[in-house]
Every structure is written in C-alpha cells, then in structure tokens.
Amino acid sequence: MTRGTLWKGSVHFGDISVEVKLHAAVREERIQFHLLHRPDGVRLHQQMICAYEKKPVPPEEQIKGYELEGTGKYIIVDPEELAPADPESSRIIEVHEFVRAGQLDPLFFGRAYNLEADGDGYGELLEAMRETGVAGICTWTMRKRSYLGALLPGGKMLRLCALRYGDEVIAANSLELQEIAVSEKEVRIGRDLIGQLTAPFAPQKFEDEHQKKLHRLIEKKARGEEAGLPRPRLLEPTSPEKLLEALEASLRKVA
C-alpha cells in the first residue's frame, strides 16, 4: 500500500465495482500525559492484578470471561471459541441501498475516511452521487471488524463515514421531554438573531482553546516558570422573564 493508505478495496453495488484506497480524513493531535512516580519521576506501568491474591497475573494466565448480569459469575470463553465470530475477511465496500443524504441524522456519524480512486469508474460514481444528492448505505470489514457506513460525495472525492447501528442510538422520546411554550415574538426575534449571525461554515476560524492553554502551560513549566491557576468562569442562567429582553439586546449588538 502507498504511504498513508489504511486499506485497499472496492466499492460494489449491482454489477459495478470501483477500486479505491482508504485514507484517514481526520487527525486528532492532543497532548498526552503519562503517570509518573512522584518521588523519582519514573513512568508507571499498568499491571493486571488478581483481586483475590493481590498479585500481578502474567499474560499466559489471563482469560476472557462474560459476567452474567451483575452476579459475579462468569462464562469463560477461549480465543479459539471467539474465532468463528470474527467477520469474514473482505476487500469490498458493499453498498446495499442509496438514501437521500439529507435524511442522515448526524447523531449516527462516527469516524470519517477519504476514498482515493484506484481504478476506473470513480469519477462517474462521484458525479452521479453528487447530482442525485444521495448517500450509499454500506458495510465493509477492516482489521477483523465489521462496519456500517455511509458513502458520500465530498468535494472532489468520495468520503466514507462509519455509522452507529440503530440500537446504539438513544431515542429522544425516551427522555420524556416536556413541551416548551414560546410566543410568536420570541420566535421572530430568535429567527432574526440567527439570520444576523448566519455565515459560511469556516472551521479554520475556530481553535481548540483547551489544547492551546495546555501547550502554554507546558512551555511555561519547561522554562521553569510558575503556572497560575485561573479562576473558573461562571455564567448565570438567563431567567425566563428576562429571556426576551436578552434576545432583543443580542439582536441590537449584531445589527
């Protein structure tokens, strides 16, 4: 595989097969801290400790078990017994159906990937999906794990987004939410305020402030400087009787 390619396979639907290369579409660069022993500054390592004998257990003595509904009793499962449950190895992204892209609730979206063309037919598929405004609901297997996903046109390339399964999403009606009464004036002011603040999506305008502060903290301590402890910023919730007044004030600010 070429540098940066996570997986190679083909998008398949009907009698059509399009060869692709899969690449990561997101990069998470977060500061990682390690646990150290305070007296000597040496890094700590995790061990598996037997809760009964209070001593480390070597890997060859570790087995997997499934607890029976909080009873403290376990069903022991050997690795060879788990093997038949592994998904069949495949290099196919199988598209089962196409749906309107606007029907996909963001709640279902997980990790995203870019798909690079690795053969003929890619451009035609991309353009056809863009013109029809559809997403391909698909399944694929990668690294001994099965995925449900959505194939979507994104700019000049196809994107593959992992989807959560239906039983993984908590239905909103399970929260038993109460009806909230609003006046027409409140709705109109809120709509006007949203209109004033509406702009093209430009994620480059926003940065991870938490990570920036962590970098500054580490840089200060690396120079031997003391790091001050900021006081937390607290906001008072707006009372219902002052909400309309606050909306009108916000609208005047952005006007």
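Predicted model: local features only at pLDDT ≥ 70, side-chain atom pairs only at ≥ 80, totals over all residues.

Biologist: Okay, and where is the place of T141?

Modeller: T141 belongs to strand 7, and, if residues up to four places away in sequence are not counted, T141 touches W7, P87, E88, S90 and S146.

Biologist: Which strand does strand 7 pair with over 6 bridges?

Modeller: Strand 7, covering residues 134-142, pairs with strand 5, covering residues 92-100, and the two run in the antiparallel sense. One example of that pairing is V95, whose bridge partner in strand 7 is C138.

Biologist: What holds paired strands together in general?

Modeller: Strands of a sheet pair through backbone hydrogen bonds, and they can do so either parallel or antiparallel.

Biologist: How many strands close into the barrel, and in what order?

Modeller: The barrel is closed by 7 strands, which follow the order 1-2-6-9-8-7-5 with mixed pairing. From one strand to the next, the twist averages 40°.

Biologist: And which strands does helix 2 touch?

Modeller: Helix 2, made of residues 122-132, packs on the sheet and touches strands 1, 2, 5, 6, 7, 8 and 9, while its direction makes about 75° with that of strand 8.

Biologist: Switching to strand 2, is E19 buried, partly exposed or exposed?

Modeller: E19, which has its place in strand 2, is partly exposed, with a relative accessible area of 37%. Leaving aside neighbours within four places in sequence, E19 is in contact with G9, S10, E116, A117, D118 and G119.

Biologist: How far apart are the C-alpha atoms of E19 and H215?

Modeller: Those C-alpha atoms are separated by 42 Å, and E19 and H215 lie 196 residues apart along the chain.

Biologist: What about strands 3 and 4, how do they run?

Modeller: Strand 3 (residues 64-67) and strand 4 (residues 74-77) run antiparallel and are joined by 4 bridges, with K64 standing opposite V77 in strand 4. Together they form a hairpin that has 6 residues between the two strands.

Biologist: What is the phi of E69 in that turn?

Modeller: E69 has a positive phi of about 45°, a positive value in a residue other than glycine. Most residues other than glycine have a negative phi. E69 also counts as exposed, because its relative accessibility is 81% and exposed means over 50%.

Biologist: Where is R143, and is it buried or exposed?

Modeller: R143 sits in the loop between strand 7 and strand 8, where its phi is near 55°, again a positive value in a residue other than glycine. R143 is exposed, with a relative accessible area of 65%.

Biologist: Which residues are buried in helix 3, and why do they line one face?

Modeller: I189, G190 and L193 are buried in helix 3. Seen down the helix axis, the buried residues fall within an arc of 100°, so they line one face of helix 3. The face turned away from that buried side carries the exposed residues E184 and I194.

Technical notes:
Residues numbered from 1 in each chain as written. Heavy atoms only, no water. Pairing = 2+ DSSP bridges. Axes fitted to C-alpha atoms, helices over the stretch in contact; angles between N-to-C directions. Contact = heavy atoms within 4.5 Å. Buried < 20%, exposed > 50% of the residue type's maximum accessible area, 1.4 Å probe, protein only. Arc of directions from axis to C-beta.
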